[in-house]
Amino acid sequence: MTLSERLAENVRACFAGIWIQSLEHEDALLEIARLCHSEQWKMATWDIDLGLRLPGGTDSDTTDMAGSDPLAAVRALSAMSDDATPSLLVLVNFHRFLNSAEVVQAVARQIVQGKNNRTFVVILSPVVQIPTELEKLIVCIEHEMPDRDQIEEIARGVATEEGELPDGADLERVLDAACGLTRYEAEGAFSLSLVRHGHVEPSSIWELKSQTLTKSGLLSLHRGRESFADLGGLESLKAFCLRAMRPHQGSTRALKPRGVLLLGVPGTGKSALCKALGNETGRPTLTLDVGALMGSLVGQTEERTRRALRIVDAMQPAVVFVDEVEKALSGVAGSGQTDSGVSARMFGSLLSWLNDHESDVFVVCTANDVTKLPPEFCRAERFDGLFFLDLPSKEQKRTIWRMYLDLFGIEADQRLPDDQLWTGAEIRACCRLAALLDVPLVQAAQNIVPVAVTAAESVDQLRNWASGRCLSADKSGIYTNTSGSPGKSRRKIPRDPSVN
């Protein structure tokens, strides 16, 4: 339903106090004015700069008694009352004045009287901050972000010349990039693209969207060049994600993919896969830092969490990356004793969204120790699959060596070090150090102690837990731990006695 449809219902139901949450006041005011004109209702607007204005008047046509006084503006609504016709007073950014006891009392009295004389107090604000005295007297309406049809209409209004606006699949990518922008931002993004490129293309839109996310401080947009070709192995996980995220003909909201939870040894490519997944599927990768959601004020954490999830929904289709999720949610179990339940409430909001969101958002969470996660986080319908990423096999390591030797410009005919317990990150580190120090690979390997040695007990415990419980990231089916029990020899660091 549109804003005007919801507002009309509440006016006809005689809700005399209405709060409209909107980030686009001019568009909201225009929609309200059109509704009042079509229904022949009276309408007036007030803000601290221009005072009280009637529709059809100019900025100078303000009522003196309600010029810059919010209290007088509320009282002026009684003079507009007409038993036969509803009268609406739209108070713009009025949440700034609801910390005054006199203003709150005047608004409460006006709402109660409005039930009888058909006058309506409409507060237009970007946030919902209703005082306790008014909570039971006011209903809330949200002014939605523009949908794809509205964004396309804006694009066609800006790109009017032939060839400026693409069609077909290119147009769909432009609309995907503009999802989540306000009408004002979308118009600016399309104009910037025309000025810069002579036609509308997604790159300029993503630049503006990245700034929008930066201003929110809750999410960041990753725009790297990673691809699955840069990752050795993980074939089963790659195929699963691509197949789950492929377009479905005639699909319903219930058929949208949920995401995957990646458990594995540190350095096995969990974060790299998520960053490459966005490029492979043509979706933006949004990084959600759970720590950034925490606020110092009462209720701030919960409000930031809800706002971040609303932004994620508006950015669809997208990939959302939550790294080291078990560390971000480590305080949930003792939240009642440590932070008055703030972490638990934030975790509850995240769980509800993971289960109930209808947006086309693919969530990828990574963890190094799933035993530290609450069991309800991993249950069915939160994620489409729980994958375990083990140390790469010999074939995968050959691919990884080849890839990083080319990346760092190292001769490929030299002898490779013993990489039996190495991860992909450690192979990259060896190649980088060899290029940085200008030494052979075998000598560079002496500076590397693999995590499978430094944290042998934790790695073996992780493998034993995942065996039979997780899907394998390398080959289809359930992961099975085939490695033997660790002995003292596994703690030895391979050394080449011929190298000084």
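A: R118 sits in the loop between α4 (101–117) and β5 (119–125). Helices here are DSSP runs of H or I with at least four residues, strands are runs of E with at least two, and both are numbered from the N terminus. Keep in mind that this is a predicted model, where local features need pLDDT of at least 70, side-chain atom pairs count only at pLDDT 80 or more, and totals for chains, interfaces and linings use all residues.

What's worth a look at R118 is its backbone: phi is positive, at about 60°, although the residue is not a glycine. With a relative accessible area of 29%, R118 is partly exposed. The scale goes like this: buried is under 20% relative accessible area, exposed is over 50%, and partly exposed is in between (1.4 Å probe, protein chains only).

Q40 is another non-glycine residue with a positive phi, near 60°. You'll find Q40 in the loop between α2 (25–39) and β2 (42–47). Q40 counts as exposed, because its relative accessible area is 66%.

The structure holds 6 aromatic pairs. Rings of Phe, Tyr and Trp (its six-membered ring) pair if their centres lie within 6.5 Å; planes under 30 degrees apart are stacked, over 60 edge-to-face, and the rest tilted. W46 and F94 have ring centres 5.7 Å apart and planes at 80°, so they make an edge-to-face pair. That pair links distant parts of the chain, with W46 in strand β2 and F94 in the loop between β4 (87–92) and α4, 48 residues apart. W46 is buried, at 0% relative accessibility, and F94 is buried at 0% too. Ring pairs also bring in F97, giving a cluster of W46, F94 and F97.

F387 is buried at 1% relative accessible area, whereas F240 is partly exposed at 28%.

β12 belongs to an open sheet of 7 strands with mixed pairing, in the order β7-β9-β10-β11-β8-β12-β13. Two strands pair if DSSP finds at least two bridges between them. The edges are β7 (219–222) and β13 (471–472), each pairing on one side only. Inside the sheet, β10 (residues 318–322) and β11 (residues 361–367) run parallel, joined by 5 bridges, and V320 stands opposite V363 in β11.

Helix α9 lies across β8 (259–264), β11, β12 and β13, running at about 155° to β12. Such angles run from 0 to 180 degrees between N-to-C directions, with axes fitted to C-alpha atoms, for helices over the stretch in contact. Contact means heavy atoms within 4.5 Å.

Zooming out, the chain has 19 helices and 13 strands, and buried residues make up 48% of its 500 residues. Among contacts between residues at least 6 apart in sequence, 75% join residues at least 24 apart.

Methods:
Residues numbered from 1 in each chain as written. Heavy atoms only, no water.
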